[in-house]
Amino acid sequence: MEKIGIKNHVHPAYLVKILLFVSLVTGLCLAYAYFIEPRRLVVNQYELKIKDWNRAFDGLRVALISDIHAGSNGVDEAKLREIVSRTNEQDVDAVFLLGDYVSQHRANDPTQRSIVRMEPSVIGENLKGLQARFGVFVVLGNHDEWSNADGSAAEFERVGYNVVNGELAEIKLTSGQKLRILGLKDHTNIGIWKLFSDDAKSLLASTEGTGDVIVLQHSPDVVPIITGELQISKDPKIMFAGHTHGGQVWLPVIGSPVIPSSYGQKYARGHVKDAGLDVFVTSGVGTSILPFRFMVTPEIAVVTIRSE
């Protein structure tokens with residue numbers, strides 16, 4: 001008895017149509033990721049409940065601005081001024097600038113890292129005017145360290161901001177309640193973990209036990225260096241960071257293919273509790289390495305801290 005085989009043939013014209021459709025969708029996505037999303041700016045509202053947070057500071061609202069990368073795709077002087085105006089509209093208690101204000105043409109080439117797309121003086125001039133009840137606090141990032149860290153710090157001091165890069169600041173209420181702001185130097189300054197931890201510990205030692213601590217650091221990767229066996233104090237309640245850009249690109253099913261962190265997706269963006277410390281990572285504003293953002297819109301993160 002003869003067997004009848006059924007063969008499925010896909011017509012070449014159908015394959016061509018599929019390829020054309022995929023190419024069109026890919027092209028549109030690339031165009032959006034280059035021409036549209038990097039030029040957007042959204043204000044995202046978050047609320048965090050922190051265990052044992054001092055109730056005197058319940059409802060504290062802070063704005064987080066990170067990874068501006070001035071001069072990168074979509075980040076011109078007008079965008080810097082927009083960041084200022086959009087932040088001031090939020091009427092927050094404090095503004096935290098979390099590093100990477102400059103952008104290099106060739107950041108992957110150590111010999112070219114001093115050449116930036118926009119000078120710190122121009123960045124400082126266009127970022128001036130940020131307003132908050134307790135002030136503006138600044139730390140630096142790896143791109144700032146690679147170019148002219150002192151120049152960036154000086155420009156922010158010139159416009160009246162508190163540069164706490166490796167320093168401790170204090171917010172004090174009329175009731176006498178205190179909140180300390182610990183600014184840690186960028187993770188590129190880390191050599192031996194214990195020495196970095198000891199330096200941070202020494203900044204807090206004289207005020208130990210006098211109130212909660214907010215830690216500011218460009219990269220979330222320092223968490224293991226300030227907690228656990230290397231714990232710098234029992235007072236830190238939350239750390240705010242940037243650096244990851246949220247991966248810059250987020251794809252359905254896949255997620256963000258690349259996160260610039262030694263811990264993969266763990267600190268990609270948003271709220272994470274790790275080693276007894278609450279950590280919040282903002283996805284930032286600008287772009288680095290590749291001039292694209294896709295489904296990771298440039299943000300100003302406004303965080304309300306609640307007592308739990």
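This is a predicted model: local features need pLDDT of at least 70, side-chain atom pairs count only at pLDDT 80 or more; totals for chains, interfaces and linings use all residues.
The largest nonpolar core comprises 32 residues, of which Ile65, Ile68, Leu80, Ile83 and Leu97 touch the most other members. At least two residues of this core come from each of β2 (60-65), α2 (77-88), β3, α3, β4, α5 and β12 (299-307). A second, separate core contains 27 residues, including Leu98, Ala169, Ile214 and Ile305. In soluble globular proteins, nonpolar side chains tend to be buried together. For Leu97, contacts beyond its neighbours within four places in sequence are made with Ile65, Leu130, Val136, Phe137, Val138, Val139, Phe156 and Tyr161.

Helix α5 spans residues 149-158, and its buried residues are Ala149, Gly151, Ser152, Ala153, Glu155 and Phe156. These buried residues pack against β3 (94-97), α3 (120-127), β4 (136-138), α4 (142-146) and β5 (162-163). Just after the helix, Gly160 adopts a positive phi of about 95°. Glu155, one of the buried residues of α5, also belongs to a network of salt bridges that links Glu125, Lys128, Glu155 and Arg158.

Helix α4 contains Asp144. This residue is buried but has no salt bridge, and the nearest side chain of opposite charge, that of Arg117, is 12 Å away. When residues up to four places away in sequence are not counted, Asp144 touches Gly99, Asp100, Tyr101, Val102, Ala149 and Ser152.

The structure holds 14 salt bridges. One of them joins Asp235 to Arg180, with the closest N and O atoms 2.7 Å apart. This pair links distant parts of the chain, since Asp235 lies in the loop between α7 (223-226) and β9 (236-241) and Arg180 in strand β7 (residues 178-183), 55 residues apart. Asp235 counts as buried at 10% relative accessibility, and Arg180 likewise counts as buried at 1%.

A salt bridge is also formed between Asp93 and Arg133, whose closest N and O atoms are 3.8 Å apart. Asp93 is located in the loop between α2 and β3 and Arg133 in the loop between α3 and β4, so the pair ties together parts 40 residues apart in sequence. Asp93 is buried, with a relative accessible area of 14%, whereas Arg133 is exposed, with a value of 60%.

In the salt bridge between Asp58 and Arg306, the closest N and O atoms are 3.5 Å apart. Here the loop between β1 (42-50) and β2, which holds Asp58, is linked to strand β12, which holds Arg306, the two residues being 248 residues apart. Asp58 is partly exposed, with a relative accessible area of 34%, and Arg306 is partly exposed at 31%.

Conventions. Residues are numbered from 1 along each chain as its sequence is written. Side-chain values use heavy atoms; hydrogens and water are left out. Buried means under 20% relative accessible area, exposed over 50%, partly exposed in between (1.4 Å probe, protein chains only). Helices (H or I, at least four residues) and strands (E, at least two) are DSSP runs, numbered from the N terminus. Contact means heavy atoms within 4.5 Å. A nonpolar core is a set of buried Ala, Val, Leu, Ile, Met, Phe, Trp, Tyr and Cys residues joined through side-chain atoms within 4.5 Å. Lys and Arg count as positive and Asp and Glu as negative; His and the chain ends are not counted. A salt bridge is a side-chain nitrogen of Lys or Arg within 4 Å of a carboxyl oxygen of Asp or Glu.
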